[in-house]
Every structure is written in C-alpha cells, then in structure tokens.
Amino acid sequence: MSATALRAGVRGTAPAELVTEEREFAELAGAWERLYRRCGAATAFQSHAWLHSWWLSYGTPGRLRLMVVREGGELLAVAPLMRARRPLPTLVPLGGPISDYADVLLDDEHADRAAALLAEGLSAAARTALIDFREVRPGGAMERIYEHWRGPRRRVGDSLCLELPATSMDELVGRLPSSKAQRVRAKLRKLTALGVERRVVGHDEVDAALGRLLELHQLQWAGRKVTSEHLQERFSEHLVRSVGPMVRSGDAVVTEFRLDGAVMAVDLTLLSRRLAGGYLYGAHPGLRERKADVAVILLDACSRHTEGGDRGTLSLLRGDEPYKHHWRPDPVVNQRLLLARRRTALLMSAVICDVAARRRGKELLRSWKERGGGRP
C-alpha cells in the first residue's frame, strides 16, 4: 500500500498516514470536501478541486506527500505537501506560487486532537527534511500544528495581503475620505450611464468564460510586464479543470461584464466560509478608453458576493499594488512556519539567514530608489 501508517501518540485514534500516490489523492475527493467544509479557517486554495488540479499541472511524480488522519472512515486532518530537493531537502505545501494562501485542514470539532496527531505524523515523515510552510494566513489551521511541534521551530513574515471588510460597495465607499468617495460614486454612475452589464456565469458556461478571461488578461497586459505563468498552457488547464467544480460547489464565482453586447471583462472570485478574494480578471483596453474604471467594476462585483453573508473578509490577496491602497485596506502579513527536527535545525537556520538577507536587500533597493535610483 502507498498509504503508510505513521506512529501516533494519542491513544484510541488511528495513526497518521502518508499518501504518496496520485490515484489515492484523487480518491480522497469526497472525504476531503467534507473535511474542508468542517474547517472554518480554510480558504478556497485548500479545496480538493484546486489542489488536485494544481498537482496534475505542476506536480512531479514521486514527490507527493499527503499526511492524513482518519477516524471512522472520515478525515480529521490533512496536510497537503510535496517533497522538494532544491536548494534544501524540504516538505512544502501544494499550490505553489499561484496560490495566495496555504494551510492544513483540521476538523473544527476535533481540532486540537487532530493537530496533535498531524504534528506527530509530520515529524515522522519529515526525517531529514525541513518543513517549510509558506503563505499561512494569520489564524490559519497550520498555527495549531506549530503549537504542537516538539522540535525546533521558527515563524517569519511572508507575503503582504491587503484586506477589506466583507460588506456592501456603499459601505466600502463610505470608508473613504469624502473627496475620494465622491469620485468613486461618480465612477459608479458613469458605469450605469455607459450601460455596463454584469452577469454571473452558470456552471455549464464556466470553461468558455475562463477562456475569455485569459484572452482578455493577455490583451490588457500586452506590451507590459505581466505574471508570465498566467500565459502558460499548464495554468490555463489548471484553471479550467479546477474552477468548474468550484463554481458548482459554491467555492468560486465567474462574472462577465458586457458593454454594447460584447464581453469586455471577466472576473474570477474565490469564496470560502470566512473570506472572499478576487483572484484573476481580464479586461479589454476599450473599457478604459470609455472612461470605465476597471478597479471599481471589479470591487463592486466582488462586494456583491459578500454583503449580507457570514464572510468577514474581502481580500485583495497578495501584492502591494498602489491601486489597492485607494480603498484603505488593512495590511495583513502571511506567515512562513518552519518546523525542524534536531537533525534538520541547521537547515532551518540556513533558511532564516536567507530570508533576512533577502529582506535586507529589498530594503537597500527601496532606499536607493527613494534617493533617486541612479537618475542623473
């Protein structure tokens, strides 16, 4: 069997298991989905549809490392990991750079017990590898694993995310200074005057809508610096394969915006119990030529998916782009949780030194740019 039982220290409960086969990963879909619904801290990036699709597009055969804890046929905990060998032997979360948040899944009703089992299983599985868990949102389930870890551990800052309260567009505008609020309201009236129409795409139309999104995304960035991965075929395949099931389960929504009968923009928003986030959009340059503010269009649409619900956060996801700051968001820094055994403590020290050096390099570069950046 490829699901290897690892010793657990909690009596009366099945030990953690290590799943390494892609076939078994696929077969976990139903139980994974039920656990995902029972984990309040989970984001859409921890859904089975997202992570399994990501593995099919980006995974390396032989490196899958899923740590699972079961009880009575149900999953109590899952740590979706893979083995990486460069530059150091590590266990890292699935999802990679195209996922804004990483985390484990824990059954809320049994979270402490499940975390203890998962931590012990991870310690046994890590052996000579460092566990390097990046992009954990504050309050994530992985924090419980960190608390239960018995070996060396460190917590350092990771990517910055910007967050707004999950409320109506009217209330978001009300948070702004009066002069800015007036400008935004004028932009909303402009959209109405232009006749911009918003339509949520049905699950049977998602694949075609995502194709249009990617086409528009490429068009809007033509001649400018763009995230190159978004132009790759593997990314397109992952998006189409994962988002359809996520729309059907309520974990994603795709919205089209039409002007004069033509689709001029498409937005993909990911949804979870506590958080909604605009993940990717494509917009035709003609919108800006018609003086339609794309940022206002997208935030207005995203806020409609959150107002009146239980989600507390509307995330602008990773990135410190200036346009995001127009909305006065709260800065929230993701965490990078490093877990080692005594034999891998030196690996952890090496990562911490690298993080410090990179941070210092960014500070020096920013300081240099503020002083003129070599301009004559």
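**Helix packing**

Mentor: Helices α7 and α11 are roughly perpendicular to each other (angles of 65 to 115 degrees; under 35 counts as roughly parallel, over 145 as roughly antiparallel, the rest as oblique). Helix α7 covers residues 178-194 and helix α11 residues 294-304, and their axes lie 10 Å apart at an angle of about 90 degrees. On the α7 side the contact (heavy atoms within 4.5 Å) involves Lys 187, Leu 188 and Leu 191, and on the α11 side Val 296, Ile 297 and Asp 300. By class, these residues comprise four nonpolar, no polar and two charged (Ala, Val, Leu, Ile, Met, Phe, Trp, Tyr, Cys and Pro are nonpolar; Asp, Glu, Lys and Arg charged; the others, including Gly, polar).

The model is predicted, with local features requiring pLDDT of at least 70 and side-chain atom pairs pLDDT 80 or more, whereas totals for chains, interfaces and linings use all residues. Residues are numbered from 1 along each chain as its sequence is written, and side-chain values use heavy atoms, leaving out hydrogens and water.

A second pair is formed by helix α3 (residues 48-58) and helix α9 (residues 233-248), whose axes come within 9 Å and cross at roughly 160 degrees. Helix α3 is therefore roughly antiparallel to α9. The crossing of α3 past α9 is right-handed (the near helix is turned clockwise from the far one by less than a right angle; anticlockwise is left-handed). From α3, Ala 49, Trp 50, Ser 53, Trp 54, Leu 56, Ser 57 and Tyr 58 take part; their partners in α9 are Arg 234, Phe 235, Glu 237, His 238, Leu 239, Arg 241, Ser 242, Pro 245 and Met 246. This contact of α3 with α9 contains nine nonpolar, four polar and three charged residues.

Within α3, consider Ser 57. Its relative accessibility is 16%, so Ser 57 counts as buried (under 20% relative accessible area; exposed is over 50%, partly exposed in between, with a 1.4 Å probe and protein chains only). Beyond its neighbours within four places in sequence, Ser 57 touches Arg 234, Glu 237, His 238 and Arg 241.

As for the setting, the protein chain has 13 helices and 14 strands (DSSP runs numbered from the N terminus: H or I of at least four residues, E of at least two). Buried residues amount to 49% of the 376 in the protein chain. Of the contacts with a separation of 6 or more, 73% join residues 24 or more positions apart. The C-alpha trace spans about 65 × 55 × 35 Å along its principal axes.

Definitions and conventions. Axes are lines fitted to C-alpha atoms, for helices over the stretch in contact, and angles run from 0 to 180 degrees between N-to-C directions.
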